[in-house]
Amino acid sequence: MVSLADSGATVAPKKPTRRAGALNRFLMIVLMTIVAIWLIVPFSMAVLWSLVDPETGWNYPDLLPPSLTHLRWVEVWTTTALPQAIANSYMLAPTVAVVTLILASPTAYCFARYDFAGKGLAQLATLLPLVVPGFVLAIFFSSLIFSLGIYSRFLSILMAHCVLFLPYAIRIMTVSFGQVRQDLIDAARDLGASPLAVFRAAYMPALLPGILASLIIVFIQSIEEFAIAFIVGAPNFTTIPSILYSYLGYNFIRPNAAVVSLILVVPNVLLMLGLERLLKSANPAQTGVKG
Amino acid sequence: MRWRRTLLILALLTPGLGVILLMIGSVFYVAVMQSFGYYNLVGEDSFSLEHWEKVLGSKQFSRSLSYSAYIAVVAAIGSVILAYPIAIWLRRPFRGSLAISAVLKAPLFVPGLVASFLFLNVIAFHGVVNQFLMWIGITDEPIRMQNDRGAWGVVFLQLWKNMPFALLLLTGAVQSISDEVLDAARDLGAGSFARFRKVIAPLTVQAMQAALIIIFIGAAGDFAFQVTAGPTNVQSMAQYMVFLKDSFGRWNQAAVVGVSLMILALFGSLILAFISSVVLKSGNKW
Amino acid sequence: MTALRSIDVSKVFEDGFTALADINLSVDPGEFVTLLGPSGCGKTTLLKIFAGFYAPTTGRVEQNGADVTSAPPEKRDTAMCFQSYALFPHLTVAENIEFGPKQNRVDRDERLDRLNELLRQVDLERHREKLPNKLSGGQQQRVALARALAMRPSVVLFDEPLSNLDAKLREQVRREIRGLQRKFGFTAIYVTHDQSEALAMSDRVVVMSGGKVEQIGAPEEVYQRPETAFVADFIGSANLLPFDRVDDHVVETPLGRLTVSNRPDPNARFICWRPEDAEFGVSEGGNIVTSDISERAYQGAYTDLHISVAGAPDQRLHWPGGASCVGQSATFRLPPERIRFVRGEIA
């Protein structure tokens, strides 16, 4: 089994290739063109649709909308449940991120610093939430909480999201705890540090990037998650994805869907970029010799 | 001392692994029990095979099952086939390679529903693609790409969303092969295809299997893409399950579909992973 | 006919770095040639041009008289032994060795003959079904060697093959490589930065620095008659002194006026002598030097003495006895025939 965090993060620095420069440039131009169409066209269509003037509309065969306005944004904001959904999502996600981190840390610490029989199997078992289809989990989780008599939608979704995203947090924190250097711990203790001081000196610097990465990734996943929020939350607890679904599914309103799509995806992309910068700047901080 | 250490490890594992096992275990338990007539929201609990018989006997179920299996196989294999050459191309950094891999991986961070919406605009009946095709004169009238009977819209969305994931795993695996090992293969007379078949493929088989398994499971359980862009004459397993639950609260039948979907996800992905390793390892025998 | 030849080969990388400039080298069939130099001198680049991994920016490469400049590595009659061994981690010892012959469609009987012979030759018969990571470094090195030889190449290219082995093992594998070369009669080009390896193994040594050839010659030649300050300093240790020419047989140096038996080369910048050239216990006949000893280091077979004179700091000489029987100063003679003239700069 290949670990998710390892394969992406550890790219050994290599010298740039010196062969086939011209071929690479050509391939790159072709690919960049495809990718521009791949990403830029769909996103600009979404932006345009969110700005379509309801008076004139955007009908075939107009290539571009005849007039643009921000009225649609105002309308969606004032007449739909979107503000409530945003409030719900943005209350839920940070709570999920923090609770997941707290739940994940002891297990991650154990994986990183202890060897025991069945460790491989235990690590594999933490991936279980990733391999159960989301809607199966959602439907029978809702059935489970019903029979347990839990009626708080917020609490139910919180529980389900924590379990669903624990694999990511455990994986990231295992790597982080593995980077805590035993010699630093020993040195701090040798110099007479209290347990708290040992934690601050030896653990915190190595753990901080992992903690932030885990919080951000779980936050994003929770904002985006649809199956559980939709099935467990329905009908009175709405999140941003369930609002989007309502405009995509049985009641297709393209401009409204455009507005909600952008509200859902733009903050996440910004967070993702921030995360990447964070991970890059964190790398040189892991100074020290190996072995 | 030994038992204290064991206790400590168990205590550390409980909040993370313990919670996962408890929750997934009980959800699984509820699903299985409901499919056999227990945990009813209304009415008496009693063991019965009636729900299984009813669902397995319906034509809709077998259509759903084979449809979801088809989408999952195409998504998993297609993503891996598209991702392999790109991963090999991006193995060694060159100017711009980081930008390319960032752009290629962007769909990973686009939620499924948003991805659906973005492409619905593009492939709509009067969308950009159709207008472009008509403008350059390839077709006379718009082609139906959304909710098409061949499910091409869904397949396209699946590949768009999952190829980056396969790329992520395969890039890591391909990059961990040392330059000297590949140079050695060349030096010993292996051309590009032989290098792929005999060195790269066998050394990345685990990453490829991980990609196949996870993509297969995700695509088999797809709801969002199917509801927005899928054919209207067939339902995916997840869609069918939600439909059964929502119409007249047929929870027990929904449970049958849910359990079947889990079986499909588990065995389908394992079979796929097994076949792929057999195919790749045959590269070593001559 | 030459086995391998480079004609005016230069290599400039995309980033503008000139790795090689106008390299001309001919290697005879069956010859063992070492490319010796510090890291970054271009020796590995030249080896990779011979193997076909790099195309030279200008110039040509010929093998057995045929132009192979643009032939890719998989089409060349060369086999390479890599620094990291580069064994295929998913293949057993036997499968690794058979990789090349299978690619080249050697028929089964012939392949198995070669495999068995090579396994016996490198003493790995007991390990034939093992994966490389179950073998020691020395064993892996021998598998890499056997894998290269299974191709029956006319040229074997070695890229610092012993640098990952410890000193004892290095000497053993060094002898094995020479033994195999004599047995199979292949031409060998061997890259190393270890001068003792180069001196011990080679028929000829090519000393390189900064992408250029400094000197080509038999081991004795490059050691005894270095042509440049770089060669003198890189191979063994050398004392280099500036000089003024007095006449064809006398030079003025910081150590005093010295008689030389070689005529000073008009381009020469330094005179050079080696620590073991100093003769002790002789006090007449010219070229007598007396100096205070600044440091001494006992080395077992001899004692390393350092002397410093104005204009020539830190000259070294070998006193063939224990450290305790040396006084405060040393008096020694430099035989005129041991004083060489060298070109170039001191690094």
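Rings of Phe, Tyr and Trp (its six-membered ring) pair if their centres lie within 6.5 Å; planes under 30 degrees apart are stacked, over 60 edge-to-face, the rest tilted. The model is predicted: local features need pLDDT of at least 70, side-chain atom pairs count only at pLDDT 80 or more, and totals for chains, interfaces and linings use all residues. Residues are numbered from 1 along each chain as its sequence is written, chains are lettered from A and ligands numbered from 1 in the order written, and side-chain values use heavy atoms, without hydrogens and water.

**View 1. An aromatic pair in chain A, F146(A) with Y151(A).** The whole structure holds 32 aromatic pairs over all chains. In this one, the ring centres of F146(A) and Y151(A) are 6.5 Å apart and the planes meet at 85°, so the pair is edge-to-face. F146(A) is partly exposed, at 44%.

**View 2. An aromatic pair in chain C, F243(C) with F341(C).** The centres lie 5.2 Å apart with planes at 70°, so this pair is edge-to-face. F243(C) sits in the loop between β11 (239-242) and β12 (244-247), and F341(C) in strand β21 (residues 340-342), so the pair ties together parts 98 residues apart in sequence. Strands (E, at least two residues) are DSSP runs, numbered from the N terminus. F243(C) is buried at 16% relative accessibility. F341(C) is buried at 11%.

**View 3. A ring cluster with members from chains A and B.** Ring pairs link F135(A), F226(A), F230(A), Y245(A) and F223(B).

Terms used
Buried < 20%, exposed > 50% of the residue type's maximum accessible area, 1.4 Å probe, protein only. Helix = DSSP H or I, 4+ residues; strand = E, 2+ residues; numbered from the N terminus.
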